[in-house]
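Trainee: Hi! I'm new to this one, could you walk me through it?
Mentor: Happy to, let's look at it together.

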Number of protein chains: 2
Amino acid sequence: MHYTKEQIEKMERVKRLKIINAVSGIKPANLIGTISNDGMTNLAIFSSVVHLGSDPALMGFIMRPVGDVPRHTYDNILQNGSYTINHVHQSFVKNAHYTSAKLQKEESEFSRCALTEEYVDGFKAPFVEESYLKMGLKFVEAIDIPINGTILMIGEIHHLILPEYSIGDHKDIDLSSMDTVGISGLNSYYSLHKINEFPYVRVSEMPDFA
Amino acid sequence: MHYTKEQIEKMERVKRLKIINAVSGIKPANLIGTISNDGMTNLAIFSSVVHLGSDPALMGFIMRPVGDVPRHTYDNILQNGSYTINHVHQSFVKNAHYTSAKLQKEESEFSRCALTEEYVDGFKAPFVEESYLKMGLKFVEAIDIPINGTILMIGEIHHLILPEYSIGDHKDIDLSSMDTVGISGLNSYYSLHKINEFPYVRVSEMPDFA
């Protein structure tokens, strides 16, 4: 099938939403934990976390336009500058998915979705106890994306917590060992199975594909 | 294991690169195809493609700092504003990985890695014939990320090509049906297996997790 720009624009809205959300390929499944200055916690699933750099260790994620609906994650990050990113594993995929409910600010997704708040080393934002790989980040910058009003939220990793068994011989993290999952589109979840590991590519060591 | 910001900063460089590149979770595996105005093609693997919006249909990807080394993808996109994003499938993971070689501008990764250029409907940039799901994009905007010199490259989908069998009953795209792969860190590849599909969440329809 071949859709042109014009055909994509004319597509029924929900169909377009589902298809265009899926065409980038597999997306990471992460729960972002925050807390307001008056102590109300929030937890929300995001599929847009992206690596921005290792030194300093920076992560980004895309925030949908602020204004039309309440964005508790955004508000809390601006209030106190701290948030956590927690991997979603197979054992709590359903709980994680339902954090996308538009709950009132007075109700926390942690309790409503039966996930456990965990506090680490005086870091303000709550981690997800059920998650094996989690990071505590300090907010660095929000970069506006004018064309559609989305925002690239950037933070630096201040705490990185992960199981020793997840780090393999070559210092690669094995996502399968933790049953970390991926997302496609808006509501499909995938398990991950390692199939290949290749070396850093040097031109002089390239295989002959001919 | 628990690493603080200070411990991450002191980590051996390659270890840090591998770990921090992996902690965001699974990443999509895409080949970006471009062509210079003098007709030289380029193909490069990227793990940072991110959905930015569906209407208009916008995709972003992160470009590492320009200046220190040649960035043929970036140069070609600025020259003529067109590029393609092509899913990597299990059948050509190794070919795709080796497009990260720093080849001279005069040598195309298409021929060196035995992947086939495909041209569609007069669209300037080359698609990857071996890929089942591919998009032709027109460059919209480059947004600088000052803190580390990376660039968020934004484009709009003008052509979307995908197999009919990949679109499921609920208009979700089934990544397993195409053997699309994911990346962790710098050089590990994962196969994807669909495990769950949940509805769009309405508060009134939430399950009772208690």
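Mentor: A term to begin with: two strands pair if DSSP finds at least two bridges between them. Helices (H or I, at least four residues) and strands (E, at least two) are DSSP runs, numbered from the N terminus. This is a predicted model, in which local features need pLDDT of at least 70 and side-chain atom pairs count only at pLDDT 80 or more, while totals for chains, interfaces and linings use all residues. Residues are numbered from 1 along each chain as its sequence is written, and chains are lettered from A and ligands numbered from 1 in the order in which they are written.

Trainee: Thanks! Which strand of chain B does β11 of chain A pair with?
Mentor: Strand β11 (residues 150-161) of chain A pairs with strand β1 (residues 2-4) of chain B, antiparallel, over three bridges. There, A:I161 has B:H2 in β1(B) as its bridge partner.

Trainee: And what does β11(A) join within chain A?
Mentor: β10(A) and β11(A) run antiparallel, joined by 11 bridges. A:I145 is opposite A:T150 of β11(A). The two strands make a hairpin with four residues between them, and A:G149 in the turn has a positive phi of about 80 degrees.

Trainee: Which other strand pairs with β10 of chain A?
Mentor: Strand β7 (residues 82-87) of chain A pairs with β10 (residues 134-145) of chain A, antiparallel, through five bridges.

Trainee: Switching topic: how many residues does each chain give to the contact?
Mentor: Chain A gives 96 residues and chain B gives 95; two residues are in contact if their C-beta atoms, placed from the backbone, lie within 7 Å. On the side of chain A that touches chain B, the largest share is 10 residues from strand β13 (residues 188-197) of chain A. That side divides into 53 nonpolar, 28 polar and 15 charged residues. Here Ala, Val, Leu, Ile, Met, Phe, Trp, Tyr, Cys and Pro count as nonpolar, Asp, Glu, Lys and Arg as charged, and the others, Gly among them, as polar.

Trainee: Why do the copies meet through the same surface?
Mentor: Because 99% of the interface residues of chain A are also interface residues in chain B.

Trainee: What rotation superposes chain A on chain B?
Mentor: A rotation of 180 degrees, with 0.0 Å of shift along its axis and an RMSD of 0.0 Å. The two copies are thus related as by a two-fold rotation axis. In chain A, A:L192 has the C-alpha nearest the axis, 2.6 Å from it. The superposition is by least squares on the C-alpha atoms of residues with pLDDT of at least 70 in both copies.

Trainee: In what order do the six strands of the open sheet come?
Mentor: The order is β2(A)-β12(A)-β13(A)-β13(B)-β12(B)-β2(B), with antiparallel pairing. At the edges are β2 (27-28) of chain A and β2 (27-28) of chain B, each pairing on one side only. Two bridges join β2(B) to strand β12 (residues 181-184) of chain B, and B:P28 stands opposite B:G182 of β12(B).

Trainee: One more: which residues of helix α2 of chain B are buried?
Mentor: In α2 (residues 13-20) of chain B they are B:K18, B:I19 and B:I20. A residue is buried if 20 or more other C-beta atoms lie within 10 Å of its own, exposed if 12 or fewer, and partly exposed in between, with C-beta atoms placed from the backbone. The cover over the buried residues of α2(B) includes β5 (50-54) and β6 (57-63) of chain A.
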